[in-house]
Amino acid sequence: MIIMKNKKLIIGISLRVVESTNYNEKRDALSQDWSIFFEKLGINPLLIPNTMKNVLSFLEDMQVQGLILSGGDNIGDSQDRDKTEQKIINYCFGKKIPLIGICRGMQVINTFFGGTIETLENSKHVGDPHLVSLNKSIAELLHTNELQVNSFHNNIIKQKNLGKNLEPFAMANDETIEGFYHTKLPIFGIMWHPERIPNDGNELIIRKIFYEKGNF
């Protein structure tokens, strides 16, 4: 008798577009931090190219169980990436499967639901690790009211900027939103980079989203 092991989750992740000056070509890219983080979480990553004509069919064929919009760059830097990530959100919206937006990805989700982004004139959020206060659900999960996070973003979201049905679960001390969730769908945004500091807190949050569909 063949004993089947539990299969790992298949989680798709979007890619940034970079210019390779040595070869005069565009490339889809992803930090190696992600593959290390996925392995710790027991996840099989699926990299989603930015030039596919039918992204929805690809995701359906690959039977993804969750998706991530990765960080890096700004909205509008690459039309191919912008279009691909819009299709990814639409897929999650229709299938009601978990979606996490990381940094830029959180901003993409916010604008998708009608929110806006503010750009800082200074770099006070870049390279400035800080504490975020957590809502009751996450605080109970992590057994703490605060979490130390990294920070690499120059764009911010405040309460007045939030899209429809989005609610904060993590706040910085300057009242900027570091994490939000959709009140009706398993869709989440995280402004820091959990893959760059794969500590227990970050791992617990990501596990809760993908294995339990959140409930923040």
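Because the model is predicted, local features need pLDDT of at least 70 and side-chain atom pairs count only at pLDDT 80 or more, while totals for chains, interfaces and linings use all residues. Numbering runs from 1 along each chain as its sequence is written, and side-chain values use heavy atoms, with hydrogens and water left out.

Let's begin with the helices. Here helices (H or I, at least four residues) and strands (E, at least two) are DSSP runs, numbered from the N terminus. Two packed helices are described by the angle between their axes and the distance between the axes. For helix H1 (residues 32-41) and helix H6 (residues 200-212), the angle is about 70 degrees and the axes lie 11 Å apart. That makes H1 roughly perpendicular to H6. Axes are lines fitted to C-alpha atoms, for helices over the stretch in contact, and angles run from 0 to 180 degrees between N-to-C directions; under 35 degrees counts as roughly parallel, over 145 as roughly antiparallel, 65 to 115 as roughly perpendicular and the rest as oblique.

Who meets whom there? On the H1 side we find Phe 37, Lys 40 and Leu 41, and on the H6 side Asn 202, Glu 203, Ile 206, Arg 207 and Tyr 211, with contact meaning heavy atoms within 4.5 Å. The residues of this contact of H1 with H6 split into 4 nonpolar, 1 polar and 3 charged (Ala, Val, Leu, Ile, Met, Phe, Trp, Tyr, Cys and Pro count as nonpolar, Asp, Glu, Lys and Arg as charged, and the others, Gly among them, as polar).

Buried means under 20% relative accessible area, exposed over 50%, and partly exposed in between (1.4 Å probe, protein chains only). Two strands pair if DSSP finds at least two bridges between them. S11 pairs in the antiparallel sense with strand S8 (residues 130-134) over 2 bridges, and Leu 134 stands opposite Ala 170 in S11. S11 also pairs with strand S12 (residues 177-182), again antiparallel, over 5 bridges, with Met 171 opposite Ile 177 in S12. S11 and S12 form a hairpin with 5 residues between them, and Glu 175 in the turn has a positive phi of about 70 degrees.

Going back to S8, we find an antiparallel pairing with S9 over 4 bridges, where Ser 133 stands opposite Glu 146 in S9. In a regular strand the side chains alternate between the two faces of the sheet. Strand S9 (residues 146-149) has Leu 147 and Val 149 on a covered face, and Glu 146 and Gln 148 on an uncovered one.

A few single residues are worth a stop. Most residues other than glycine have a negative phi. His 143, in the loop between helix H5 (136-142) and S9, has a positive phi near 60 degrees and counts as exposed at 73% relative accessibility. Asn 165, in the loop between strand S10 (155-156) and S11, has a positive phi near 65 degrees and is partly exposed at 25%.

Finally, Asn 110 sits in helix H4 (residues 104-112) and is buried, with a relative accessible area of 0%. Not counting residues up to four places away in sequence, Asn 110 touches several residues, including Thr 116, Asn 161, Leu 166 and Phe 180.
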